[in-house]
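Please look over the sequence and the structure below before reading on.

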Protein chains: 2
Amino acid sequence: MMCSVVFTEQQFIDWVTAGPRAALPVGPGDDCALLHDGTVIGLDTVVEGVHFAPGTDLARVARKALGACLSDVCAMGAVAESVLVSAQLPPGLDGRALADGLALWAARFAVSIAGGDTVSTAPGALALAVTACGRLPPGAQPWRRAGAQLGDLLVVSGPLGGSRGGRHLDVRPRADTVAWIRCHDCTVHAAIDLSDGLAADLPRLTEASGVGARVQAAAVPIHADARALPSPLTAALGDGEDFELLLALAPDSLLPPQSSCIGQITASGLELVGEGGRAGAWPQAGYAHAF
Amino acid sequence: MMCSVVFTEQQFIDWVTAGPRAALPVGPGDDCALLHDGTVIGLDTVVEGVHFAPGTDLARVARKALGACLSDVCAMGAVAESVLVSAQLPPGLDGRALADGLALWAARFAVSIAGGDTVSTAPGALALAVTACGRLPPGAQPWRRAGAQLGDLLVVSGPLGGSRGGRHLDVRPRADTVAWIRCHDCTVHAAIDLSDGLAADLPRLTEASGVGARVQAAAVPIHADARALPSPLTAALGDGEDFELLLALAPDSLLPPQSSCIGQITASGLELVGEGGRAGAWPQAGYAHAF
């Protein structure tokens, strides 16, 4: 047998969290948790050979590790303030370049490095696990996956697809979109960040909300990186690692700059409406770890 | 060349944190950070082949990963409430056993699993990076490495040495000692947890505090696991992974149960006073990652 999937990422999460649920304002199942003291906190890991190729410029590895985690904080509508970094370093790594990259990107993303640890790991297994801590604006509620309502506008914060050409390393967490929304007449009912691709992440939002969605294929914004690919729309739906926000906005909301309304929240089911106006099945795509 | 140490753990940390210091109540350099909203937060990583042998019972791996991180929260005098877990899983791992172990030990240690992530990694590179979040009792200050004062009692919360016989996996964070201290007339001026061994961790406390220490060799409590080893005292000083607390207590403090006073804080220098009453140099021992 070439390969056997013994269990999936979601199964593992379900097993770990099967016991008494965390008595937290927001526990597992969203992009971040919300602690009693108001800290919004999330964790994201990048691993050599899985999230980046061996030999990748270490400053870009650092950017991806920090950016992916900060994207989760953005998906909760919070402002990231600090990070903790688990640096798992194989022998022979250029520690100076990685450390400088971490310091650089923490400064660029305007977060402080609050702590972390540094440990040895096996050759070829460089990994960075980053915990990001943020806060909500005073009086604000966190955005969650649950909460989308019938008739909400389905909005993505920017163009999708083709990230594997290199953009997946140059993560830009959408703090700008969060800041704009917090300052304008824009009501977020639900949110998630697009790390595994719209095809995989939209169902997470609709399932958590107990609703459906209808997406207009022609309205999905396709990134320039995907336009040259054989199937640009397929790439936009399935490539993942766009780190744009997917939002369910109240119908009368202003749309954030650079964002696109790609459809609407419906009562149930997922539909992709093609060019000819015919609704088709939702594509099976997007990235999931299997073990 | 058989092996070349290119950089040390401390150098890497210094490089990462060389920029503008975190504007946090407590930033890098202690066992945990303290965020503005009062969250005490720390991160600890265990890696296959480094912190546990390949084939180790996965429930014990889970216990070690959670316990080591919670020990850091104890070292700040805080009460742990929740954890986030980065599970980096190689192919073929028994995910069910690891997940059950994580759930079991989170429940035993009375913390909730607030979130985390699950990613694939290389064969032989199983790793768990755990972030623990805790809180201080109302009005209490965190214990730090800095703060030890001339004349303070140097106290360890339990016996040391021989952890490599297996105890290093069965971590028991000293939440009991923290709780006792918070309820009794016991003033902590400085604290650190003994993860790398007294020989390595005491200098961290004294350097951060700008003081010295005199330790009575005969007063160092030696764990039963170390008594059968060729050099029990050397084992107690250098083996590491005891996860006991090392405390600098005000001279009139009550001592916590099971703890031992091993010496005193002095103005400068580190001395180990042998059986004959003669002060010797501080031993060079304890564990440090090098790359």
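## Basis of the report

This is a predicted model, in which local features need pLDDT of at least 70 and side-chain atom pairs count only at pLDDT 80 or more, while totals for chains, interfaces and linings use all residues. Residues are numbered from 1 along each chain as its sequence is written, chains are lettered from A and ligands numbered from 1 in the order in which they are written, and side-chain values use heavy atoms, with hydrogens and water left out.

## Helix α2 of chain B

The residue that follows α2(B) is B:G77, and its phi is positive, near 75°. The helix itself (helices being DSSP runs of H or I with at least four residues, and strands runs of E with at least two, numbered from the N terminus) covers residues 58-75 of chain B. Its 18 residues reach 26 Å from the first C-alpha to the last, close to the expected 26 Å, where the expected span is 1.5 Å times one less than the number of residues.

Because 16 of its 18 residues are buried, α2(B) is largely enclosed by the rest of the structure; buried here means under 20% relative accessible area, with a 1.4 Å probe and protein chains only.

## Where chains A and B meet

In chain A, 59 residues are in contact with 59 residues of chain B, contact meaning heavy atoms within 4.5 Å. Between chain A and chain B the count of salt bridges is 0, a salt bridge being a side-chain nitrogen of Lys or Arg within 4 Å of a carboxyl oxygen of Asp or Glu.

Several elements of chain A each supply at least two residues of the side that touches chain B, among them α1 (9-16) and β2 (39-47), and β4(A) gives the most, with 9 residues.

Methods: Buried means under 20% relative accessible area, exposed over 50%, partly exposed in between (1.4 Å probe, protein chains only).
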